[in-house]
Amino acid sequence: MRAVRVGLAIAVLFLVASATAVAVPLVRAGRSASEPDGRPAATVEQFACAQVTSSIDDYCQRILEDLGRRTPLTDDERVAAQPRRQAALDGFVRQLGADCPGPLEHCRLPVTTPEAVRQALIAAGFNEPVVRPARFTDPAPAGAILYAVRAGHACLLGYLRSETAAPPLIVGRLPDDACLSH
């Protein structure tokens with residue numbers, strides 16, 4: 001009987017502590033749980049990355065870490081950048097001879113150089129693109145050609161390797177307001 005009373009007292013104490021943990025922040029905030037939050041809803045972006053299992057180059061992890069450092073985008077900013085993503089792909093088609101079936105599909109293209117990619121992006125209307133061979137610390141496979149350009153408040157971040165170009169991601173800017181570190 002004593003064990004039942006002790007158990008019941010612990011259960012009641014747990015319920016009171018739980019209710020307090022929920023109620024105190026609501027009271028301190030000076031509003032009820034039913035009031036809407038005035039901030040824009042967070043945008044959830046899905047990302048998939050595939051790499052060879054035996055690879056020592058864990059670029060998928062680097063891409064995720066890079067995305068975590070960037071300023072989140074609103075839905076409007078992401079939508080506004082989509083035509084610029086298409087402009088980049090169109091530039092690859094016109095200047096590099098790429099075959100890009102769609103904005104979210106990989107392009108096939110002849111072997112190219114960072115300078116040719118830079119010129120294709122400039123011809124597509126992007127000012128000051130950052131284009132360089134990817135380093136082992138970059139959000140791309142080591143040795144790929146990595147590029148980033150501004151697209152309004154967003155950035156387009158992509159890479160080319162092995163005669164294919166991954167579709168550029170629409171991402172936020174880095175803490176220093178850059179699209180890619182030099």
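**Exercise 1.** Is Glu-163 buried, partly exposed or exposed, and what is its relative accessible area?

*Solution.* Start with the ground rules: this is a predicted model, where local features need pLDDT of at least 70, side-chain atom pairs count only at pLDDT 80 or more, and totals for chains, interfaces and linings use all residues. Residues are numbered from 1 along each chain as its sequence is written, and side-chain values use heavy atoms, with hydrogens and water left out.

Next, the cut-offs: buried is under 20% relative accessible area, exposed is over 50%, and partly exposed is in between (1.4 Å probe, protein chains only). Glu-163 comes out at 46%, so it's partly exposed.

**Exercise 2.** Where does Ser-162 lie, and what is its phi?

*Solution.* Look in the loop between S4 and strand S5 (164–165); strands are DSSP runs of E, at least two residues, numbered from the N terminus. Ser-162 has a phi near 45°, positive even though the residue isn't glycine. Its relative accessible area is 65%, so Ser-162 is exposed.

**Exercise 3.** How many disulfides are there?

*Solution.* Apply the rule first: a disulfide is a pair of cysteine sulfur atoms within 2.5 Å. That gives two disulfides.

- Cys-100 and Cys-107 have their sulfurs 2.0 Å apart. The link is right-handed, with 115° about the S-S bond, and both cysteines are buried.
- Cys-155 pairs with Cys-179, S to S 2.0 Å. The torsion here is about -80°, so this disulfide is left-handed. Cys-155 sits in strand S4 (residues 154–161) and Cys-179 in the segment after strand S6 (169–171), so the pair ties together parts 24 residues apart in sequence. Cys-155 and Cys-179 are both buried.

Methods
Helices (H or I, at least four residues) and strands (E, at least two) are DSSP runs, numbered from the N terminus.
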